[in-house]
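Subject: Handing over a structure

Hi,

Here is the structure I promised to pass on to you.

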Amino acid sequence: MSAEGEKARQSGEISRPEPTLPTVNPAVDKPEPPKPSFHPAVYVTAWITLSSSVILFNKHILDYAQFRFPIILTTWHLAFATFMTQVLARTTTLLDGRKTVKMTGRVYLRAIVPIGLFFSLSLICGNVTYLYLSVAFIQMLKATTPVAVLFATWGMGMAPVNLKVLMNVGLIVLGVIIASFGEIKFVLIGFLFQIGGIIFEATRLVMVQRLLSSAEYKMDPLVSLYYFAPVCAVMNGVTALFLEVPNLTMGHIYNVGIWTLLANAVVAFMLNVSVVFLIGKTSSLVMTLCGVLKDILLVAASMMIWQTPVTGTQFFGYSISLIGLVYYKLGADKIREYTGQAGRAWAEYGANYPAQRKFVIIGAGALIFFLFMGTMGPSYAPESVDRVKGMLGGASAGNA
């Protein structure tokens, strides 16, 4: 038999396997179901609440509780943050991002220390301002921070000068100038400290931006705090040692309360943690709009808790600043796009959940009503207002 015939016979004897369905390999692990996550609104609410609480808390301690040691208070916050970031680095995964940062002694001295210096100066000036100005007016002045960042960016050569952008931010400056003219309790030294704090903060932000322009130094806010808090605590501590510690007594601490100071530091640190989650779960648009909403709520809270006088001129000027801020951050095209999306989403929400939409409208109306009544309260029920303010830690009319 020829070789070709032998191959044909053998080929005919081989049985072809029947097609079968694929089977599940028991050795392969099944993918875990996605872990439940909170709605982004939870992170937004947490950030607004904590950010507002820190500002109101600091105002209460430094002004109304008569603990007039802003540098010591800032040092305490940074020392607590240093301790907590060290604990979290060793017990959680929140600070695992630091492992990707190529931090050396040379980088620390040439980048982290100068940034820490401006961070310290901005915190000191920001806290000193609470001794002189109201929370409402401080928030109005803070609206100029994007303008200061823009000038710092140009001054450090990070971007070319753009006159069109300068005209856009001019609306923010105009609004703040109008609000400043309408401020009843204008204190020049407090105004200068706040402007200094804004300049130092803008410089720090641009320096951080320049540092993070390299992928090897990419850091989230909590990792940044891990590196900046120790050097800032030392700088502030040395400054306080000469300026404030000689006048500090245990009576000042007991008057405020040790537990109050501890709670103040915890809230300040939780704010930094909430920023990490907010950035991770939302977008820069949400951050911008949340910041505007937070400032408005703080102005209202300052009016209700401490009867801060806010004139119509201030309202007009601050409204101009907020409009200019949103326009500068988003631009006309984005504003039209997001407005259209919001309108469609609101209409769809009303079609799917009519009862819930009515509840939201009623709740918003009730909130506006109570805010209005809160501002009118001192004229119609001063005794009740003093009682509520005493519960909240504000100074009553009798001892103001």
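Predicted model: local features only at pLDDT ≥ 70, side-chain atom pairs only at ≥ 80, totals over all residues.

Residues are numbered from 1 along each chain as its sequence is written, and side-chain values use heavy atoms, with hydrogens and water left out.

**Overall picture**

The protein has 16 helices and zero strands. Both are DSSP runs numbered from the N terminus (helices are H or I with at least four residues, strands are E with at least two). Of its 400 residues, 40% count as buried; buried means under 20% relative accessible area, exposed means over 50%, and partly exposed is in between, with a 1.4 Å probe and protein chains only. Taking contacts (heavy atoms within 4.5 Å) between residues at least 6 apart in sequence, 84% join residues at least 24 apart.

**Cores**

A nonpolar core here is a set of buried Ala, Val, Leu, Ile, Met, Phe, Trp, Tyr and Cys residues joined through side-chain atoms within 4.5 Å. The largest one holds 59 residues, and W47, L56, I61, F67 and M140 have the most contacts inside it. Helix α2 (residues 40-64) gives the most to this core, with eleven residues. A second, separate core has 29 residues, including A89, I112, F119 and A229.

M140 also belongs to the buried residues of α5, together with V135, A136, F137, I138, Q139 and L141. That helix (residues 135-142) is mostly covered, with seven of its eight residues buried. Leaving aside neighbours within four places in sequence, M140 is in contact with V176, A179, V299, V310, Q314 and Y318.

**Aromatic rings**

There are eight aromatic pairs in the structure. Rings of Phe, Tyr and Trp (its six-membered ring) pair if their centres lie within 6.5 Å; planes under 30 degrees apart count as stacked, over 60 as edge-to-face and the rest as tilted. The rings of F118 and F200 have centres 6.2 Å apart and planes at 55°, so this pair is tilted. F118 lies in helix α4 (residues 105-129) and F200 in helix α8 (residues 188-212), so the pair ties together parts that are 82 residues apart in sequence. F118 is partly exposed at 22% relative accessibility, and F200 is partly exposed at 23%. The pair of F186 and F191 is tilted too, with centres 5.3 Å apart and planes at 40°. Ring pairs also link W76, F80 and F269 into a cluster.

**Salt bridges**

How many salt bridges does the structure hold? There are three, a salt bridge being a side-chain nitrogen of Lys or Arg within 4 Å of a carboxyl oxygen of Asp or Glu. In one of them, R204 and E201 have their closest N and O atoms 2.8 Å apart; both lie in helix α8, three residues apart, about one turn of the helix. R204 is buried, at 13% relative accessible area. Salt bridges that share partners join K59, D63 and R68 into one network. The closest N and O atoms are 2.8 Å apart for D63 and K59, and 3.2 Å apart for R68 and D63. D63 and K59 are both buried, whereas R68 is partly exposed at 36%.

**Single residues**

Q66 has a positive phi, near 65°, in a residue other than glycine. Most residues other than glycine have a negative phi. Q66 lies in the loop between α2 and α3 (70-91) and is partly exposed, at 44% relative accessibility.

M235, in helix α9, touches V113, G116, L117 and S120, not counting residues up to four places away in sequence. The C-alpha atoms of M235 and L121 are separated by 9.3 Å, although the two are 114 residues apart along the chain.

Best wishes
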